[in-house]
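Please walk me through this protein, beginning with a detail and then widening the view to the whole fold.

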Amino acid sequence: VDVGVDVGGTKVLAAVVGEDGTPLRTHSVPTPPKESGARRLEQTLADAVQAVAAGHPVGRVGVAAAAFVDSDRRRAMFAPHLAWRGEPAAERLEQLLGAPVLLENDATCAAWAEATAGAARGAGSSLTVTVGTGIGGGIVLGDRLLRGSNGMAGEFGHVTVVPDGIACPCGGRGCWERYVSGAALLAAAVARGARGVRTGDDVTGAALSGDEAALGAFTELGGWLGRGLAGLVAVLDPEVVVVGGGVGASGELLLGPARARLARDVVGHGHRRLPDLRAAHHGPEAGLLGAVALARRELR
Ligand SMILES: [Zn+2]
């Protein structure tokens with residue numbers, strides 16, 4: 001069986017992926033703390049793969065990681081929330097599993113899943129933006145995934161949208177993801193006087209029940225999303241823009257204001273066809289599904 005694994009800062013999600021590209025069985029475990037080291041993380045991944053394979057021989061493995069991955073898809077160069085610092089993760093996992101492994105950035109994998117078997121299927125070009133703890137994403141042109149010379153393309157979250165703006169853990173200031181994330185949504189709702197909200201999901205719930213402060217927070221967040229997308233659309237002119245991730249799952253609450261702002265801010269507005277802004281088709285499995293699709297394409 002082919003297995004996909006999504007490695008995030010808090011949990012590891014593994015799934016057996018059927019020939020039709022759908023997850024058949026899933027298995028989830030907490031991500032070991034960063035301090036426990038790379039070997040422990042790799043062992044946790046290998047154990048999760050074996051657990052979900054449930055005794056069936058493991059075929060190809062696609063790992064979607066919240067990490068910068070090198071251009072050969074073998075090494076995890078850096079990950080803010082994981083122990084990898086240049087480790088040959090794919091090789092070590094192959095030793096543990098006795099099966100070929102492909103490693104790729106999680107948002108890049110999600111972009112591939114949306115482009116080939118999701119919301120942007122059939123589009124000539126697409127941009128996928130995942131909004132959650134931060135902003136990730138990927139670019140697919142035709143049947144080609146744009147990876148960049150380092151394999152680090154698509155890190156949209158750290159494009160500066162506000163000069164000297166809010167400080168970012170990356171070391172920069174005014175990065176786009178400081179203004180569009182679960183934490184930004186919560187902060188915007190609290191600043192507007194929303195009560196009893198503690199997470200981004202709470203804000204979504206309040207907005208769906210008509211809470212003015214929560215709706216205002218979505219308008220603000222969607223505005224920032226549209227503002228950043230206007231820059232990306234000016235550069236890439238994609239046919240479709242897919243918005244996914246935990247915050248992206250709030251759908252039109254976020255996409256409505258983003259669409260309006262994009263239409264107003266993009267260069268040549270009023271004289272160009274705007275990209276179709278769509279909610280992602282895949283949920284939390286997007287990354288691992290894309291990783292398996294890439295593994296099937298690249299690993300023989
Ligand atoms: Zn940043």
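Does C175 count as buried or exposed? With a relative accessibility of 2%, C175 counts as buried, where buried means under 20% relative accessible area, exposed over 50% and partly exposed in between, for a 1.4 Å probe and protein chains only. C168 is buried as well, at 8%, and a search of the whole structure finds 0 disulfides, a disulfide being a pair of cysteine sulfur atoms within 2.5 Å. The model is predicted, so that local features need pLDDT of at least 70 and side-chain atom pairs count only at pLDDT 80 or more, whereas totals for chains, interfaces and linings use all residues. Residues are numbered from 1 along each chain as its sequence is written, and side-chain values use heavy atoms, leaving out hydrogens and water.

The protein has 9 helices and 12 strands, which are DSSP runs numbered from the N terminus (helices H or I, at least four residues; strands E, at least two). Five strands form an open sheet of mixed pairing in the order β10-β9-β8-β11-β12, where two strands pair if DSSP finds at least two bridges between them. Because β10 (144-146) and β12 (276-279) each have a single partner strand, they stand at the edges, and one side of each is left without a neighbour in the sheet. Within this sheet, β8 (residues 125-131) and β9 (residues 135-141) pair in the antiparallel sense over 7 bridges, and L127 has I139 in β9 as its bridge partner.

Turning to the whole protein, buried residues make up 52% of its 300 residues, and its C-alpha atoms fill a box of roughly 55 × 40 × 35 Å along the principal axes.
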